[in-house]
Amino acid sequence: MKWSLNELTKKKQIEFIEKLKLQEVLATRSTEVLDSTAVETQGEVSYDDGLFYLSYHLKTVLTLPSSRSLKPVDYPLDVVVSEIFTTQDHLAQNPELLENDLIIVLEKELIDLDESVVDNILLEIPLQILAENEENEALPAGKFWSVLTEEDYQRQQEEKKVEKKSPFSGLDGLFD
């Protein structure tokens, strides 16, 4: 769904309820998104004194790979989004706008809901996601390697600091 800036300046406010099918776009923009349900959006776009406000609530379920095993995991998203847009001309006349808020400068004479929804969904993808049973499973390990949790790594670094306090610690690894 797209709105032209002329339409918004005339109507001042447009409310919407949309179901967007964005699975292809999401998969194209991020290899992490394996699948997604239709994105339910509800909100409004409005105009006031050279600024365009887009506020909406989105709901969807993404299928993402587990960080540990790459098994597909369903990840529900429920996000409230508020964005402020302006034109390059209006920003040139009011440069102080950038100091107060995050304002998106429009490159075209329209506001694209699909683009905004995709951007905000991609921003909400977590860095780590685990399947149901994976939190309690042992971490993978091999003959000369193992995966450590952050706490285990910190503990290991502290132990190394304690060991290196001996006067001969500088000779460690000399004959390896």
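Is Asp119 buried, partly exposed or exposed? Asp119 is partly exposed, with a relative accessible area of 29%. On this scale buried means under 20% relative accessible area, exposed means over 50%, and partly exposed is in between (1.4 Å probe, protein chains only).

Before going on, some ground rules. This is a predicted model, where local features need pLDDT of at least 70, side-chain atom pairs count only at pLDDT 80 or more, and totals for chains, interfaces and linings use all residues. Residues are numbered from 1 along each chain as its sequence is written, and side-chain values use heavy atoms, with hydrogens and water left out.

**Confidence**

pLDDT is the predictor's confidence in each residue, from 0 to 100. The protein chain has a mean pLDDT of 83, and 87% of its residues reach 70 or more. Helices (H or I, at least four residues) and strands (E, at least two) are DSSP runs, numbered from the N terminus. Among these elements, β5 has the highest mean pLDDT (91), while helix α4 (residues 97–100) has the lowest (68). Where pLDDT is low, the predicted coordinates should not be read in detail.

**Strands around β5**

Two strands pair if DSSP finds at least two bridges between them.

| Pair | Direction | Bridges |
|---|---|---|
| β3 and β5 | antiparallel | two |
| β4 and β5 | antiparallel | nine |
| β5 and β6 | antiparallel | 14 |

Ser36 stands opposite Leu62 in β5. Tyr53 is the bridge partner of Ser46, and Tyr53 also stands opposite Ile84 in β6. The hairpin of β4 and β5 has two residues between the strands, and Asp49 takes a positive phi near 50° there. The hairpin of β5 and β6 has six residues between its strands, with Leu70 in the turn at a positive phi of about 65°.

**The core**

A nonpolar core is a set of buried Ala, Val, Leu, Ile, Met, Phe, Trp, Tyr and Cys residues joined through side-chain atoms within 4.5 Å. The largest one has 32 residues, and Trp3, Leu54, Ile111 and Val117 touch the most other members. β5 turns up again, giving the most to this core with six residues. As for Val117, contact means heavy atoms within 4.5 Å. Leaving aside residues up to four places away in sequence, Val117 touches Leu20, Leu22, Val39, Thr41, Tyr56 and Leu58.

**Aromatic pairs**

Rings of Phe, Tyr and Trp (its six-membered ring) pair if their centres lie within 6.5 Å; planes under 30 degrees apart count as stacked, over 60 as edge-to-face and the rest as tilted. That rule gives two aromatic pairs. In one, the rings of Trp3 and Phe16 have centres 5.2 Å apart and planes at 45°, so the pair is tilted. Both Trp3 and Phe16 are buried. The rings of Tyr47 and Phe52 have their centres 4.9 Å apart, again with planes at 45°, so this pair is tilted. Phe52 is buried, at a relative accessible area of 3%.

**Salt bridges**

A salt bridge is a side-chain nitrogen of Lys or Arg within 4 Å of a carboxyl oxygen of Asp or Glu. The whole structure holds two. One brings us back to Asp119, whose side chain meets that of Arg29 (2.8 Å, N to O). Asp119 lies in helix α5 and Arg29 in helix α2 (residues 23–29), so the pair ties together parts that are 90 residues apart in sequence. Glu7 and Lys11 also form a salt bridge (3.6 Å, N to O). They are four residues apart in helix α1, so about one helical turn separates them.
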